[in-house]
Amino acid sequence: MNVSDLVLEVRNLTTTFGGGRLTAVNDVSFSVMAGEVLGLVGESGSGKSVTLRSIMQLLPASSAISGQVFWQGDDLMEMSNSELRVVRGGQISMIFQEPTTALNPVLSVATQIEENLKVHTRLDRAGRAARARDLMDLVGIPDAKLRLKEYPHQFSGGMRQRVMIAIALASDPALLLADEPTTALDVTIQDQILNLILDLRDELSMSVVLVTHDLGVVAATCDRVAVMYAGRIVETGTVQQVFAEPNHAYTRGLLGSVPHAGTERTMLLSIEGKPPGLSEIPLGCAFNPRCEFSTARCGVDRPELEDIGPGRQVACFNRDAVAASGSPIG
Amino acid sequence: MQVTLIQVEDVSKRFPLPQSVLNRLSGKPAPAVHAVNGISLTIHRGETLGIVGESGCGKSTLARCLVRLHECDGGRILFEGADIAKLKGTTRRAFNRRVQMIFQDPYSSLNPRMKVRRILGEALSVHQMRPTKDIPARILELLDLVGLSPDAADRYPHEFSGGQRQRVGIARALAVEPEVLVADELVSALDVSVQAQVVNLLLDLQDRLNLTVVFVAHDLRLVRHISHRVAVMYLGKIVEIAPTAALFSAPRHPYTRALLDAAPEIDPTKRSRTVAMHGELPSPINLPKGCLFSTRCPHAFDRCFTELPQLDDRGPLHQSACHLVDFGAKSDHTNSNIMEEGP
């Protein structure tokens with residue numbers, strides 16, 4: 001990988017709420033390469049969605065964001081609002097989990113797509129209408145001309161998600177941030193949407209950051225993965241590396257919690273307890289109370305994310321023991 | 001030796017929709033959501049039957065019919081040979097006790113104003129499971145059974161996490177010592193790591209208490225993990241039912257095949273960039289003619305659009321409802337093109 005492939009670089013991103021009392025994202029650093037799909041995986045409250053929203057600065061005023069987000073050499077955090085507006089929704093687009101709430105119910109789909117075209121392109125009225133039809137074709141909505149006049153409630157869940165993707169793609173973004181785009185959808189529709197995102201990635205050569213809680217989705221779509229727990233990244237690597245040889249006990253437990261073929265009606269390798277709330281993140285390694293590998297040091301010191309190979313990082317004092325115990329999915 | 005415990009015979013359930021006066025006068029049929037359309041199956045004692053399908057396929061309605069939360073519009077359900085719709089008085093109460101349901105959403109299925117002690121105590125006293133003096137001890141036993149600490153008894157449902165609350169729901173169902181548990185999307189609302197804990201608990205309890213479980217879920221991986229047999233539903237009908245291993249290794253219905261292909265497997269080496277199934281679920285108000293899956297089936301031919309296929313035997317305990325009787329058969333699994341042309 002050479003440096004010119006770098007699209008987005010996040011450095012030491014920290015997001016707090018309630019005047020610094022609650023830390024949702026804690027010192028998170030990662031980078032996104034051109035044309036890759038990066039998976040950000042974790043359970044509820046792990047900070048994966050807040051990470052995306054911090055990058056886009058789409059958080060309520062009660063939050064405080066620090067750190068740096070480099071986009072084409074510029075730090076998004078240092079930008080003025082008008083500079084940021086060019087990037088946000090233009091060069092970087094975002095799609096959300098729940099299209100019903102992300103779309104405006106009282107505006108037709110055509111209006112919502114054109115809104116974005118008006119802001120981010122120089123097309124005239126006719127050009128925008130033509131582009132809107134093209135976008136509907138691109139995301140696989142049939143009868144584009146007719147359906148553009150319709151309102152979000154006239155679309156099914158899967159089609160609504162396609163509309164949201166069409167809006168996000170209106171400005172030819174170089175990076176798509178997808179926040180659980182298929183969580184609310186049925187498995188066959190999820191398969192359609194994920195394949196659509198991958199096809200669009202190939203056609204439009206954009207990069208994708210995909211936030212999900214489903215390791216199956218990661219296995220099926222992502223090139224690299226970053227596992228988050230209690231606001232921190234605990235492990236990164238290519239999907240093949242991380243699934244074949246998890247180096248963090250949490251990754252290993254998460255993999256073991258998902259039923260897979262050949263282990264029917266056996267006990268799953270579950271993780272005791274539940275993910276901690278933001279107000280009660282344990283000292284030391286946040287995972288240590290639930291960790292079967294934890295030692296005395298884990299409750300005191302916090303392990304930093306360290307390089308253990310090219311593009312491979314892990315934050316665990318006992319990673320050798322974890323790695324030696326093997327991957328639960330064999 | 002398999003003993004039939006519950007026999008479902010051609011059960012259907014409709015939910016009527018409002019009809020305009022004009023439509024009624026013109027004699028048009030009353031519109032209704034056809035949630036369950038003629039389902040027959042048997043549930044054996046001690047087994048886990050998985051029921052899987054996409055949202056709107058009628059799996060939850062079927063589960064509710066099984067415990068008589070809905071009355072069936074057609075067909076009947078026999079529990080140990082007795083039609084449950086005809087049960088009255090003490091026999092109905094006995095049935096209610098022996099067949100228990102656990103709901104998807106532990107946030108709304110537990111009374112927020114009752115402490116766990118009262119939630120469990122109520123179940124115990126209503127069905128007179130224990131003399132009053134033994135109830136406190138039994139509550140502690142139940143909490144221990146589902147892996148909660150004794151101090152949980154004096155807490156309200158909102159004080160628990162989602163996984164713990166689901167455990168309370170399970171404890172309440174088990175309080176009346178049922179023989180059948182109907183679990184509707186038991187772990188769907190939970191985080192992955194907590195899901196695994198509850199799944200482990202269910203497997204353990206089934207072994208210890210010799211329970212029969214009907215496990216309704218949309219997650220194929222979970223259903224495969226838990227079930228002895230699996231029924232796949234589509235638009236209110238069973239399209240395929242088989243022992244788990246047979247169904248997942250050699251599905252004999254195109255819908256099952258597509259569902260399995262679409263489900264993301266947790267194995268990065270098994271990637272596919274082809275879309276498993278195009279289109280979306282048709283409306284359950286106006287059902288398609290012929291085979292219900294014909295509108296999305298890549299293998300559909302003339303007969304599929306006119307004639308509804310019945311569930312036929314495909315192997316030991318394996319039934320599929322498809323006109324292509326050879327679909328997915330071993331000799332033919334490499335070449336499905338031949339079948340596309342049909343007979």
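Two residues count as in contact if their C-beta atoms, placed from the backbone, lie within 7 Å. I'm writing that down before anything else, and also that this is a predicted model.

**Entry 1: helix H8 of chain B**

I started with H8(B), residues 192-209. I checked its length first: at 1.5 Å a residue, its 18 residues should span 26 Å, and the end C-alpha atoms are 26 Å apart, so the two agree.

Next I asked which residues of H8(B) are buried. They are B:Val192, B:Ser193, B:Val194, B:Gln195, B:Ala196, B:Gln197, B:Val198, B:Val199, B:Leu201 and B:Leu202. Then I looked up what covers them: the cover includes H7 (162-175) and H9 (220-226) of chain B, and also helix H11 (249-257) of chain A. Just after H8(B) comes B:Asn210, with a positive phi of about 55°.

**Entry 2: where the two chains touch**

How many residues does each chain bring to the contact? Chain A brings 38 residues and chain B brings 37. On the chain B side, the elements giving two or more residues are H8, H9 and helix H11 (254-262). For the complex, the predictor gives an ipTM of 0.89 and a pTM of 0.92.

**Entry 3: helix H7 of chain B**

H7(B) is part of the cover over H8(B), so I looked at its own surroundings, using the cut-off that buried means 20 or more other C-beta atoms within 10 Å. By that count 13 of its 14 residues are buried, so H7(B) is largely enclosed by the rest of the structure. From first C-alpha to last it reaches 20 Å, close to the 20 Å expected. B:Glu177, just after this helix, takes a positive phi of about 50°.

**Entry 4: the nonpolar core**

The largest nonpolar core has 189 residues. Which of them touch the most other members? I noted A:Ala166, A:Val209, B:Val182, B:Val214 and B:Val232. Helix H7 of chain A (residues 157-169) gives this core its largest share, eight residues.

I picked B:Val214 and listed its contacts, leaving aside neighbours within four places in sequence. Among them are B:Ile43, B:Leu49, B:Ile51, B:Ala63 and B:Leu66, plus B:Val182.

B:Asp10 isn't a glycine, yet it has a positive phi of about 50°. It sits in strand E1 of chain B, residues 4-16. Buried or exposed, I wondered about B:Asp10? It has 12 other C-beta atoms within 10 Å, so it's exposed.

B:Gln128 isn't a glycine either, and its positive phi is about 45°. This one is in the loop between helix H5 (116-126) and helix H6 (135-145) of chain B. B:Gln128 has 11 other C-beta atoms within 10 Å, so it's exposed too.

**Entry 5: chain A as a whole**

I counted 12 helices and 12 strands in chain A. A compact globule of 330 residues would have a radius of gyration near 20 Å, and chain A has 21 Å, which agrees. The C-alpha trace spans about 65 × 50 × 40 Å along its principal axes. Buried residues make up 48% of chain A.

Technical notes:
Residues are numbered from 1 along each chain as its sequence is written. Chains are lettered from A and ligands numbered from 1 in the order in which they are written. This is a predicted model: local features need pLDDT of at least 70, side-chain atom pairs count only at pLDDT 80 or more; totals for chains, interfaces and linings use all residues. Helices (H or I, at least four residues) and strands (E, at least two) are DSSP runs, numbered from the N terminus. The expected span of a helix is 1.5 Å times one less than its number of residues. A nonpolar core is a set of buried Ala, Val, Leu, Ile, Met, Phe, Trp, Tyr and Cys residues joined through C-beta atoms within 7 Å. The radius of gyration is taken over C-alpha atoms; the globule rule is 2.2 Å times the number of residues to the power 0.38.
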